[in-house]
Amino acid sequence: MPEQKQITFTINDQKVTTAAGTLVIEAAMHQGIEVPSFCYYPGLALQAACRMCLVEVEKAPKLQTACTLVAVEGMVVKTDTAQVHKARKDMIEFLLSNHPLDCPVCDKGGECELQDMTFRYGLDHSRFTEEKLHYPEEQWSPLVFYDAPRCILCFRCVRICDEGMDVKALGVGARGVHSVILPNEKGALACEECGMCIDICPVGALTSGTYRYQTRPWEMTYVPEPCTHCSNGCKTTLSVRNNEILRANNRDHSGINGEFLCGKGRFGFDFTHNPERVRQPLIRRNGKLEPASWEDALEEVSRRFKQVRDMHGPAAIGVIGSNHTTNEENYLLNRFARATLGTNNIDHHRTADYTGLAAALGPRAKDSLATMADVYASNATLVVANDVTQQNPLVAWQIRTAIRHHKARLYVINGRPSKIHRKASYLAEVPRGTEREVVRWLSTGQGDFDENIRTALSALKAGIEKESDVVIIFGADISGSALRDLVSFGSKLPGHTRFMTLGDYANSRGAADMGILPDRLPGYAPLADAAERARFSKLWGSEISSAPGITAREMMEAAAAGKLKALYVVGANPLKTFEVKQPDRLAGLELLVVQDMFLTETAQRADVVLPAASTYEKDGTLTNTAGEVQMTHRSIDPQGPRSDFDLIRILSHQLSMLGVGSPIRLRTPEAAFDEIRQNVHGYDLPVAGLLAGGAELSTATCQTVEPSYETPAGVVFSSNDFLFSSGTLGRYCSKLKSTNEAKDTPWSSSPNIQSWWYR
Amino acid sequence: MQLPPSLDAKFTELLGRYPVKRSALIPMMLYAQDQFGFLSDDMLEEIAKRVGINLIEVTETLAYYSMLRRKPEGRYHIQVCTNISCMLRGGNELFQHVQKRLGIGNKEVSPNGTFSLEEVECIGACTGAPAIQINYDYHENLDPSKIDTIFEQLEQGKRPKPVSVISGAIHERHPAEVVVISRRFGIPNSNKIDVYLQHDGYQALEKALKQMTPDQIVDEVKKSNLRGRGGAGFPAGMKWSFVPKETGGKPKYIIANGDESEPGTSKDRPLMEMDPHQLIEGMVIAGRAVGAERGYIYIRGEYRYVIDIVEAAIAEAYAKGYLGKDIVGSGFNFDLAAHTGAGAYECGEESALMESLEGKRGYPRIRPPFPAVVGLYGCPTVINNVETLSSVPAVILRGGEWYAGLGTPKNGGTRLYAVSGHVNRPGIYELPMGFNMKRMIEEVAGGVPSGKKIKAVVPGGSSCPLLTGDEIDIAMDFDSVAKAGSMLGSGGTVVLDEDTCMVDFARRIMHFYAHESCGWCIPCREGTAWLRQLLDRFHDGGGRASDIPLIDELSKNMLGRTFCPLGDAAAMPTISIVKKWRNEFEEHLRGDCPYKPADVIAEVR
């Protein structure tokens, strides 16, 4: 970026030097001088509507709005004069004239900007003695309510919905003092239900269906967490009272998501209290799962693992890990599988080809992985084979915001519709399933397409080849050789190209990084590499077998064929994921242990079910799809279930007492994370930032480029969750599922659905 | 939705008028409403589809404009103006009479669906007050018996003859008048191009396009001291010179502001209905001067018949080669279209007008940038009042110096004054800038009926501070009126006799501004509404001594702090009334309004 011209001006007798073009309100804020405002909101269109930010400017006949006033050389601004104070007082008086004084029951009471402003700048009495306007409250969706009398018409909600979300579900009705905010569908909302309008509302006009009238803000404690749903890693702040999460929102904007949060992050927390939650261990007795004590359940599991291991050997045992459990738990599970049970049959549902990307980039990964911030900062992004709006909402937000704030360009190659398409400078809509061929064409020029597709692709290619410092983002379909093609194409682009592959779930990348893979140890260390094997064998106190393991899908097939005798499923639902239609195909198993929050299809078939805690109920770290690591915290007590960390650790102790493996002595996730930092390539991260609630970019990577590495076909695939689904977990998010929009899937061909998803 | 072929064709035509489809939205809604009486959900969806926008964008736009409705009105929608000029001449009493006659109240529909009634804000018939509109038809100078005749005709299924030209525009010329832009008023068929051509028509255009460079045109207008006739009085030539020559390929636009809605103002209406070609000619010249090749005449929606006249004139001008490609062989191209508003005073504010012309809610824009740089569709735009642009042909034809010489220093030429209220000859008079106000009222407009004294004068539209009868011996130019503590404004002069209740007058003005506040900024939205409630209560006899300073202070709290001048417009007259007629407020504290019987007040409410 070219060096920006600096100017110097004066605020309240202080000299301020700032970039030319800076608004006075911003410059004042950086100087620690508050200029109050309601309608000004950084990054959104300027309004100058609330008139709270009026300031005195030397030589100007009238007070000026600091939110639209660009500071210029020599300007003299005063924010602390009697005239300015009076203007603020008068604005508050006007605002309160029709504002109901229902603060005692208003959700916003205690965290309301109007209350704060009144307290600080307002009159101590009211001169308004006329009748106040009143309108009844409206319910716009199960999640969004609107109380018109409280609305101060700052138009933040309208702007965030239009400019920020590109949804434009909100408008303004009537005019003058009767103005109200209107939803798009005859008194109701048809939208993405992101709830951004609720967060951004400075008063209690827009309230949340999950939270309204439940409590007072000061009665709660606040726990910032990475969201447990998709792979983007947004921070959501859980508001907790009496061991119950009452609200999730994003008012502090401190996460990698800035001001963004989607509906899953905001409303998808009620699974924790879903009545179907398994809260007690279950053991199958006489064909029925019956409640059991923890002692009995853990004893049963360890005894029977030993039995199978003794009878059939360790290779008869398989372990399927999770896309949701923490890095520490995944690391422990890996150790448990390879060092305690002695099997390399460990895998998970891979929703993006992280291994392939690590192999294709090799050591270059250290500076070639794109963060969420990189997406925003980039000049151009290329999105291949993903509906980012639906599947990766933060990525989509970053792309849209980059376009909005600094005219970044978007290039899209996609085989399915996506709302983001209308933001694209170049769009190539290709038949679904041909994305890999298109990528091959990009890289090698080989391939044949219809005339119009070829034209679109050629234009797109010519366009992007003129860009520099591009971020390339791609979905699960781009795996294996297609991924190598894309990396090869991207590497030839001018400047520094960065890559991001898009997985489905909160710790999809963490599972791969921690080596929940049959052929990889943590940090993508090849199992075949004797030195790496030796390193982990030494660390874990048992010899790791060199015999390669089998993939999750192969495990399901082996179970059906009777070759696999025991399966330990942690936080996964392979019967559903791998579409095993007849559950009896698991009949060949002698032992199925499932560790989960709910009685999933797989758990219903288990011999023992160990109830597990959710990520909102435990400590640890999660790695988002970009590789950014964040800490998760125990916000509530799970009341019955235990963390996967504890369960794996306890099982290792139990088995060691039976003579199998050595006990895991890492007592806490912190200790495990220390071991990860010291031993997993790319995870040697500074902890201070993480402890402070920030994110650190990990670069788990192959030590050499492995051009011959081929991700097995069919191993990587997406569950195609959308804004209202989230794998198994999503089924238990009642509030999210109660919306009309949750009933539609965005990629259906039926026209009524198209009507609102893409308009 | 299946549309009648005529509407379908109208939609297609409207969508083709603008470089951006959304601009057709408001006209499409209004023309659809004309056919069906209201806008159904199906119709709105159809319009959204054709314009290519979301339904919410259609509904929120509709919600802004007071003429657009989602429920049917009666077959005859009776709109009674009770704004200041009409109020002074019996508008309230007329409204009560109509209510009794029809047996329905404000915003009600008669049981058989024949009539509906609405009290409306100024309809631009101030010199024909009191006036009503029946659908789009104007009926002026009414009294209860005249209106009864009208209803009898309607009940018999006949269409009463509306006025064809605003009352008070055609009259015997007063010797003091200097007739420049109104010189064709009263000539039969003066709106037709043939008649226009017989009376110097399009000669200025020939001169400007063939003999002058664009810079020479701008210089001539600068020399003329022609100042904006909309009310602010900004020098027109200077405004034009702000338009950048190089735009990097962006087109430029000329807009005529014909939204005339300032209560007391009705002088653009006769200019458009009797001399539309003069306006067209002025716009083409303006286009040439700044390098714009497209123009729009934004006309308030209530003036439908005027729009029809202007559209017919535009068609004539195209046919004769005064619009379109290669105008009079000069190589200059200029396209022009009329655009209807749909009921919103705020759209007379230039940036709100452009929002409205883009098919949006009429919210004003943040300035800078000013329209000359970033205007319609983000392109450089000259926006002038209809009267300003209508003055341009005379300036070009007879020279800037000649024009300047008609007025006073820095205030060139003549202007139209619509004198209404308590005068013997309400009318539209063309007088040189700097003409004495007292003389205009007493001589030109015939003085106050029954020899009563002048209590107050609204110099140029309801937003100006009022002058007392003792303050009007002043020259009517922008600077002199400013020196007297008011504004020359829009040329809508309203005269109030000694029996007028100033509290009631302040109340009525505030009703107007509260009704027209767009709602964008807090002080105007809340301030006008609060003051309306307060003044209602006060005038009804519920006032408290503390209310008098409060009215003054709340007005001052709006003044200079609102997003656009509407807040000032509401504040300024109010402040002047409290200051100059404080005694009348104090009289009201004793109980009833001393100027009107109590029953009238109660019923007007």
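Visitor: How far apart are the centres of domain 1 of chain A and domain 4 of chain A, taken over C-alpha atoms?
Guide: 42 Å separate the two centres. Domain 1 covers 6–95 and domain 4 covers 354–502 of chain A. Domain bounds come from an automatic or database domain assignment. This is a predicted model: local features need pLDDT of at least 70, side-chain atom pairs count only at pLDDT 80 or more, and totals for chains, interfaces and linings use all residues. Residues are numbered from 1 along each chain as its sequence is written, with chains lettered from A and ligands numbered from 1 in the order in which they are written.

Visitor: Why are helix 10 of chain B and helix 13 of chain B called oblique to each other?
Guide: They pack at an angle of about 120 degrees, with axes 7 Å apart. Angles run from 0 to 180 degrees between N-to-C directions, and axes are lines fitted to C-alpha atoms, for helices over the stretch in contact. Under 35 degrees counts as roughly parallel, over 145 as roughly antiparallel, 65 to 115 as roughly perpendicular and the rest as oblique. The two helices are therefore oblique.

Visitor: Which residues make the contact?
Guide: B:Pro214, B:Ile217 and B:Val218 of helix 10 of chain B, and B:Ile285, B:Arg288 and B:Ala289 of helix 13 of chain B. Contact requires C-beta atoms, placed from the backbone, within 7 Å.

Visitor: How many residues of chain B are in contact with chain A?
Guide: 32 residues of chain B are in contact with 33 residues of chain A. Helix 21 of chain B gives the most to that side of chain B, with 10 residues.

Note on methods
Helices (H or I, at least four residues) and strands (E, at least two) are DSSP runs, numbered from the N terminus. Two residues are in contact if their C-beta atoms, placed from the backbone, lie within 7 Å.
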